[in-house]
Amino acid sequence: MGPRSDHEVISRSPADPSTVLGAYPLIGSAALLVPLEGAVLAQPAWASSVGPRVTALTKWANSVEADAEALAVLIAREVGKPITEARGEVSRTVSILRYFAQAALDPAGEVYPGSSRTETLITDRLPLGVVLVICPWNFPAAIPTWKIAPALAYGNAVLFRPSSSALAVASRLVALGEPHLPKGLLSLVPSRSTDLGRLIDDPRVAGVSFTGSAPVGASLVGRLAARGAAIQAEMGGQNPSIVLGDADLDMAARTIAQASM
């Protein structure tokens, strides 16, 4: 990531800071209400029929697959990931989209016996509405996709706030999906953490999915719980491991290094 002002982020390659990958305006607190309102409007029709969801996610997978090499190169250039791992991440991104395109067709509830032979109890799972996904930089395509794809598959609208260190990849990922989705259903919302509170505390945001640091995640859990909204928080460190005395130390060292990096 390059210089960051109050208004935009300049994305630069960590391998060559003179290489600018893009300039991305930050959305201020009040302006965040525009994509939120668009998501609120788009979500009910999206939730009303499963067929368009299956088709849209499948087409998005096809678009990412067709753009695979360019997207992998962009991942490598923006976050410094080795190209082999970047290609693997893109492949995984395609698989996630295809998986949830079909998962949308899974049963949406269960049937239970009632208190008599003439009664049947039926459960029905409904979408939350609008969800906010907050993502880190280390898997800039796969982590957003494994949050966004299931949210869309089950009838939700999504506001996607990527890391400021991975805005070029996030923009490309959304651009590949937007042509297949209704207007307003998926919006990229790059913003300062202080401004993002406008969405986190808005009652129209029914849920948040977060991957990041433990302090930020704990704060989000408290804020969402206070208003009875759903939150999923993946908070972690650097893959701590326990190596027992009888372990193969060479194998343990390789495993730990691979798991961490």
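L152 is found in helix α5, residues 142-153. Helices (H or I, at least four residues) and strands (E, at least two) are DSSP runs, numbered from the N terminus. The model is predicted: local features need pLDDT of at least 70, side-chain atom pairs count only at pLDDT 80 or more, and totals for chains, interfaces and linings use all residues. Residues are numbered from 1 along each chain as its sequence is written, and side-chain values use heavy atoms, with hydrogens and water left out.

**L152 and its surroundings**
- L152 counts as buried because its relative accessibility is 0%. Buried means under 20% relative accessible area, exposed over 50%, and partly exposed in between (1.4 Å probe, protein chains only).
- Leaving aside residues up to four places away in sequence, L152 touches W46, R53, L57, W60, V158, L181 and L185. Contact means heavy atoms within 4.5 Å.
- R53 is 99 residues from L152 in sequence, yet their C-alpha atoms are 7.2 Å apart in space.

**The five-stranded sheet**
- Five strands form an open sheet in the order β7-β6-β5-β8-β9, with parallel pairing. Two strands pair if DSSP finds at least two bridges between them.
- β7 (186-188) and β9 are the edge strands, each pairing on one side only.
- On average, neighbouring strands of this sheet are turned by 15° against each other, direction ignored. Axes are lines fitted to C-alpha atoms, for helices over the stretch in contact, and angles run from 0 to 180 degrees between N-to-C directions.
- Five bridges join β5 to strand β6 (residues 157-161) in the parallel sense. V133 stands opposite F160 in β6.
- α8 packs on the sheet and touches β5, β8 and β9. The direction of α8 makes about 170° with that of β9.

**Helix α8**
- α8 (residues 214-226) has 13 residues, so at 1.5 Å a residue it should span 18 Å; its end C-alpha atoms are 18 Å apart, which agrees. The expected span is 1.5 Å times one less than the number of residues.
- G217, L220 and L224 are the buried residues of α8. They cover an arc of only 60° around the axis, so they lie on the same side of α8. The arc is that of the directions from the helix axis to the C-beta atoms.
- The cover over these buried residues includes β5 (130-134), α7 (193-200), β8 (205-212) and β9 (230-235).
- P215, A225 and A226 are exposed, on the face of α8 turned away from its buried side.

**Ends of α8**
- S213 caps the N-terminal end: a side-chain oxygen lies 3.4 Å from the backbone nitrogen of V216.
- G228 follows α8 and has a positive phi, near 70°.

Note on methods
Polar contact = N/O pair within 3.5 Å; in protein donor to acceptor, adjacent residues only side chain to side chain.
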